[in-house]
Amino acid sequence: MQLRVVTDQPWDVKADVLVIPYVGEPTFEGPLDEIDRRTGGELRALASFKELTGKRYATALVGAGEIPAGRLVLIGAGDAATIDREVIVRVGAAASRRLGGRVVRSVAFWLAPLAGLETVDGDVAVVAELLARGVVEGSYDPKSIYRDDAESRPPQLDELILVMPDGDVGAVKAAAERGVIMGEGANYARTLSNRAANDVTPDVLAQEARAIAERNDLWIDVIEPERATELGMGMFMAVGRGSDNPPRMIVMRSGDEGQRDALDRHVAFVGKGVCFDSGGISIKPSDRMEEMKMDKTGACTVLAVMETVARLAPGTPLLGIAAAVENMPGPHSTRPGDIVTALNGKKVDITNTDAEGRLILGDGLTYAERLGATHLVDVATLTGAVARALGHLVTGAFGQPQVWYDQVKAAGDRAGERYWQLPLIEEYIPDMESWYVDFQNAGSPEGGLVKSGLFLREFVTKPWVHLDIAGTAYYRKPLPFAPRGATGVSHATLVELALAGKA
Ligand code: BES
Ligand code: MN
Ligand code: ZN
């Protein structure tokens, strides 16, 4: 997609479609009045039919009248008091999503109504970045993964024209370019996640990672079962044993030693890559089990983040680990009650083979520290409980010390992604004790969400944050700004965090 930034009035721009966002209820003063006049009163007519109501993400497709654009899309940004960065991304996404299925090559987006809002800290360049990212994310459609018919084809946006009355065209263009790359990275993660489990096995994830490494000149090491066993990754191997598709611990690195030494921290991202989570011997009920192909989302996000960071700032020191396995029942599977030794030497009683994410992540986190990571973030579809607690729009997060959590949270704020911190309640640790060894992987269900965080903490000694994306990784039904399926959640947050530099 080509990007162009122009200083112009919206009614002078030529494009297939001109998008006009508006804040609050439509008031026909200033530019909106001018646009209404030039469409021969179309907007006022729509407003009188209550088709232009100010509802957030509601769109109206309007004939352009005298305006040189082919069509207008009006989109509500909603109440000014609650517009934040996330809303700006989603306005961009909802606008481009509205064009899905139509032959639209060039889209012009009028920035002015969303610039200078008190609730969004950042200038017009920041708004341009978020909108451009949204436009790219909004043109994503998972239907095109396995089909190629007209209906499934996403809109072919060849050109995005950002329109502003005045300002620094160069700075806005650079920011929007960053937004496009962010959007493309999120969409790449979404496609990997949406792909079926018979298509994306742990080895296929490793091949994807190799391709990313090659394209972006990154260091890569794929640890296969024999070496994982030798290293002592007992928890990781316990999950992978039941499947014919062998596990892969994928390790990627950017930046050389000199670049790492120049920073006072070395960040690692560890992603849960369960290509299918049947539950193993503790098998899940069949209802909606097909969703468990999405259990690899954390790993897909980490792979995409490695590529996006390399595209935006090559040489940024970063370690990415994707723990890829399939959790299946079978004659070789781990049984409930099996006892394994983790890479860090702790012994675990696997009381529930469906609590597998924490097993593979635990060894992944230990390995990241072995490779020199000083600050860790893991990202995982870890618990159904987080979806019950926070729903599909807010990601649950644990972490310590608080200063590191706060930095991850601040990266989330910059990225326009929402997190809610959950507590690590020490008093629940005894509930996870095992009769035989250090602890069980599941424990009693009360406070299960907290216990998932407590379990992971056993495998880190450095500042660490855990993002539980089980609720936010995919949508069960389409929303105005996203289709059903993988959302790409946390990709932007982790990129922002990696690019933030020093601790
Ligand atoms: N992958 C699931 C969590 C999940 C559930 C992700 C729904 C997305 C949607 C995870 O491996 C799991 O099975 N967790 C169990 C843990 C329990 C056995 C302690 C759960 O949440 O029930
Ligand atoms: Mn599970
Ligand atoms: Zn799982």
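Mentor: Happy to. A residue counts as buried when its relative accessible area is under 20%, and as exposed when that value is over 50%, with partly exposed in between. Keep in mind that this is a predicted model.

Trainee: Then is Glu356 buried or exposed?

Mentor: Glu356 has 1% relative accessibility, so it counts as buried. Asp354 reaches 21%, and therefore counts as partly exposed.

Trainee: Let me turn to the metals. Which protein donors does the manganese ion (ligand 2) have?

Mentor: The manganese ion (ligand 2) has Asp277 (OD), Asp354 (O), Asp354 (OD) and Glu356 (OE) as its protein donors, at 2.1 to 2.2 Å. Along the chain, the donors of this manganese ion follow the spacing D-x76-D-x1-E.

Trainee: And what is the arrangement of the donor atoms around the manganese ion (ligand 2)?

Mentor: For six donors, octahedral requires opposite donors over 155 degrees apart and all other angles between 65 and 115; anything else is irregular. The six donor atoms around the manganese ion (ligand 2) subtend angles of 70 to 167 degrees, and the arrangement is irregular.

Trainee: What about the zinc ion (ligand 3): which protein donors does it have?

Mentor: They are Lys272 (NZ), Asp277 (OD), Asp295 (OD) and Glu356 (OE), lying 2.0 to 2.4 Å from the zinc ion (ligand 3). The spacing of the zinc donors along the chain is K-x4-D-x17-D-x60-E. Here the six donor atoms subtend angles of 78 to 173 degrees, which makes the arrangement octahedral.

Trainee: Which residue bridges the zinc ion (ligand 3) and the manganese ion (ligand 2), and how far apart do the ions lie?

Mentor: Asp277 bridges them, and the two ions lie 3.2 Å apart.

Trainee: On to sheets. What should I look for in general?

Mentor: The strands of a sheet pair through backbone hydrogen bonds, and the pairing is either parallel or antiparallel.

Trainee: In what order do the eight strands of the open sheet stand?

Mentor: The order is E7-E8-E10-E9-E13-E17-E14-E15, with mixed pairing. Strand E7 (219-223) and strand E15 (419-421) are at the edges with a single partner strand each, so one side of each has no neighbour in the sheet. From one strand to the next, the twist averages 20 degrees.

Trainee: How many bridges join E7 to strand E8?

Mentor: Five bridges join E7 to E8 (residues 248-254), and the two run antiparallel. Among the facing residues, Ile223 stands opposite Met249 in E8, and Val222 stands opposite Ile250. On to E10: strand E10 (residues 318-327) is joined to E8 by seven bridges, again antiparallel. There, Arg248 has Ala324 in E10 as its bridge partner.

Trainee: How do I read the side chains of a strand?

Mentor: In a regular strand, side chains alternate between the two faces of the sheet. In E8, Arg248, Ile250, Met252 and Ser254 point one way, Met249, Val251 and Arg253 point the other way, and all are buried. E8 is thus mostly covered, with seven of its seven residues buried.

Trainee: What is the order of the open sheet formed by three strands?

Mentor: That sheet runs E11-E12-E16, and its pairing is mixed. Strand E11 (338-341) and strand E16 (439-440) are the edge strands, each pairing on one side only. E11 and E12 pair in the antiparallel sense over four bridges, and Asp338 has Ile350 in E12 as its bridge partner. These two strands form a hairpin with five residues between them, and Gly345 in the turn has a positive phi of about 95 degrees. E12 and E16, in turn, pair in the parallel sense over two bridges; the bridge partner of Asp349 in E16 is Gln440.

Trainee: Finally, helices. Which residues of H13 are buried?

Mentor: In H13 the buried residues are Trp404, Tyr405, Val408, Ala411, Gly412 and Ala415. Viewed down the axis of H13, they fall within an arc of 120 degrees, so they line one face of the helix. Just after H13, Gly416 takes a positive phi of about 75 degrees.

Terms used:
Residues numbered from 1 in each chain as written. Chains lettered and ligands numbered in written order. Predicted model: local features only at pLDDT ≥ 70, side-chain atom pairs only at ≥ 80, totals over all residues. Heavy atoms only, no water. Buried < 20%, exposed > 50% of the residue type's maximum accessible area, 1.4 Å probe, protein only. Arc of directions from axis to C-beta. Donors = N, O, S within 2.8 Å, 3.2 Å for Na, K, Ca; no water. Tetrahedral: all angles 85-135°; square planar, octahedral: opposite > 155°, others 65-115°. Pairing = 2+ DSSP bridges. Axes fitted to C-alpha atoms, helices over the stretch in contact; angles between N-to-C directions.
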